[in-house]
Amino acid sequence: MFEIILKKQLAPNVKLIEVKTPLIAKKALPGQFVILRVHEKGERIPLTIADKNLEKESITIVFQEVGKTTKLLGRLGVGDKISDIVGPLGNPSEIEKFGVVIGVGGGVGIAALYPILKGLKEKGNYVISIIGGRSSDYVIFREEIKNISDEIYITTDDGSLGRKGLVTDVLKEILEERKIDRIWAVGPTIMMKVVSDLTKNYGVPTIVSLNPIMVDGTGMCGGCRVTVGDKIKFTCIDGPEFDGHLVDFDELLARLKTYKEEEALALRLFEESEVGKVGHSKN
Ligand SMILES: Cc1cc2nc3c(=O)[nH]c(=O)nc-3n(C[C@H](O)[C@H](O)[C@H](O)COP(=O)(O)OP(=O)(O)OC[C@H]3O[C@@H](n4cnc5c(N)ncnc54)[C@H](O)[C@@H]3O)c2cc1C
């Protein structure tokens, strides 16, 4: 059992929790994730480790409430316990001195991008961050990203914060003018696809962090299969980061829709149930 020691609402439907996980906190590296079950009969869901605190022996998770399990998780409060958490899973990001790097983050992906950029900054890279969301409320982790960036650009779809438009608008302008050594893109699959299509034209190596449907996290179930450069890869053990120029994004986007009906049904039944109606969040 893992205790929640801090909880914050970051944006509509986006929550941060800090969970006491001594062993995972000790080992976690940028780019890695955990798989958790809210209760012992719950489904396993993967979530990225957004930060860790060695003194508090904790990890930070930022999640968007999209379906049954993430909504259930969002109802837990400080002092509540999560049944099990496995990790750290996945390969850590390649954190080296590249020179000038750009981090592109969208929505809840901004939190997942944070530990990677923090690691890159500590290695002496010049870090440019471009973060975006639907509107001002959805651009999370602004202070954290600002603190570890040499330059930060913010875009919103409605212009309520930073520049009106998409993260790729700013990215294109920078790529036109400057030499960039490496790019990381973390966010909605469609955003990572558009970023990768763009940077291919400029020949800048681009790493994406994929989030396919994933079940066991050990390479056995095959649920998180993706095609990368005509090879079959499992995101849980070969990723979650891959060369964005080689990922078959159209296949990934199609696979993400596989269980849409079942997910909608699970959510409806959950919301109609007593737990769904009442909840027990202390926050
Ligand atoms: C390596 C990895 C890291 C991730 N990190 C984060 C994170 O830091 N924050 C965050 O908000 N989300 C993250 N996700 C996505 C998160 O796992 C899903 O949003 C969650 O599983 C949805 O569960 P649900 O029951 O609430 O919703 P569901 O109703 O089951 O699904 C809602 C949507 O989530 C997707 N999804 C469903 N099940 C899974 C699954 N097991 N794995 C991946 N996607 C799924 C589906 O495509 C669907 O569109 C990550 C996914 C992966 C693979």
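Predicted model: local features only at pLDDT ≥ 70, side-chain atom pairs only at ≥ 80, totals over all residues.
# Notebook: cysteines, sheet and helices

Setting aside residues within four places in sequence, I found Cys-224 in contact with Pro-212, Ile-213, Met-214, Lys-233, Phe-234, Thr-235 and Cys-236. Cys-224 sits in the loop between β13 and β14. Buried or exposed, I wondered about Cys-224? The relative accessible area is 2%, and the cut-off for buried is under 20%, so Cys-224 is buried.

**The annotated cysteines**

I then checked the UniProt record. Its unreviewed entry lists Cys-221, Cys-224 and Cys-236 under "binding site". These residues are spread over 16 residues of sequence but cluster in space, with 10.1 Å as the largest C-alpha distance.

Next I looked up Cys-221, which is placed in the loop between β13 (206-209) and β14. Its relative accessibility is 41%, so I noted Cys-221 as partly exposed. Leaving out neighbours within four places in sequence, Cys-221 is in contact with Val-215 and Asp-216.

**The sheet**

Which order do the strands of the open sheet follow? I read it as β11-β10-β9-β8-β12-β13-β16, which makes 7 strands with mixed pairing. The edges are β11 (163-164) and β16; each has a single partner strand, so one side of each has no neighbour in the sheet.

Strand β8 (residues 100-106) pairs with β9 in the parallel sense, over 7 bridges. On this pair I marked Gly-105, which stands opposite Ile-131 in β9.

I also stopped at Ser-129, a residue of strand β9 (residues 126-133). With a relative accessible area of 0%, Ser-129 is buried. Beyond its neighbours within four places in sequence, Ser-129 is in contact with Gly-103, Leu-117, Ile-145, Ser-149, Glu-151, Ile-152 and Tyr-153.

**Helices on the sheet**

Helix α5 (residues 167-177) lies across β8, β9, β10 (151-156), β11 and β12 (182-186), and runs at about 150° to β9. Helix α6 packs on the sheet too, touching β8, β12 and β13, and its direction makes about 160° with that of β12.

**α6 against α8**

At what angle do helix α6 and helix α8 pack? I noted about 175° between α6 (residues 189-202) and α8 (residues 249-256), with the axes 10 Å apart. Angles over 145 degrees count as roughly antiparallel, and α6 and α8 are therefore roughly antiparallel to each other. On the α6 side, the contact is made by Thr-189, Ile-190, Met-192, Lys-193 and Ser-196. On the α8 side, I listed Phe-249, Asp-250, Leu-252, Leu-253 and Leu-256. By class, this contact has 6 nonpolar, 2 polar and 2 charged residues.

While on α6, I looked at Asn-201, which is found in this helix. Its relative accessible area is 65%, so Asn-201 is exposed. I also took a distance from there: Asn-201 and Asn-147 are 30 Å apart in space, C-alpha to C-alpha, and 54 residues apart in sequence.

I went through the backbone for cis peptide bonds and noted two places. The peptide bond from Gly-87 to Pro-88 is cis, with omega near -5°. Pro-88 belongs to strand β7 (residues 84-89). The peptide bond from Gly-239 to Pro-240 is cis as well, with omega near 10°. Pro-240 is placed in the loop between α7 (235-238) and β16 (241-243).

Then came positive phi values. Asn-13 is a residue other than glycine, yet its phi is near 65°. I located Asn-13 in the loop between β1 (2-11) and β2 (14-20). Relative accessibility there is 38%, so Asn-13 counts as partly exposed.

Asp-230 also has a positive phi near 65°, again in a residue other than glycine. It lies in the loop between β14 (225-228) and β15 (231-234). How accessible is Asp-230? I read 77% relative accessibility, and the cut-off for exposed is over 50%, so Asp-230 counts as exposed.

Methods
Residues numbered from 1 in each chain as written. Heavy atoms only, no water. Axes fitted to C-alpha atoms, helices over the stretch in contact; angles between N-to-C directions. Helix = DSSP H or I, 4+ residues; strand = E, 2+ residues; numbered from the N terminus. Parallel < 35°, antiparallel > 145°, perpendicular 65-115°, else oblique. Contact = heavy atoms within 4.5 Å. Nonpolar A, V, L, I, M, F, W, Y, C, P; charged D, E, K, R; others polar. Buried < 20%, exposed > 50% of the residue type's maximum accessible area, 1.4 Å probe, protein only. UniProt positions renumbered as here; feature names shortened; annotations may be inferred. Pairing = 2+ DSSP bridges.
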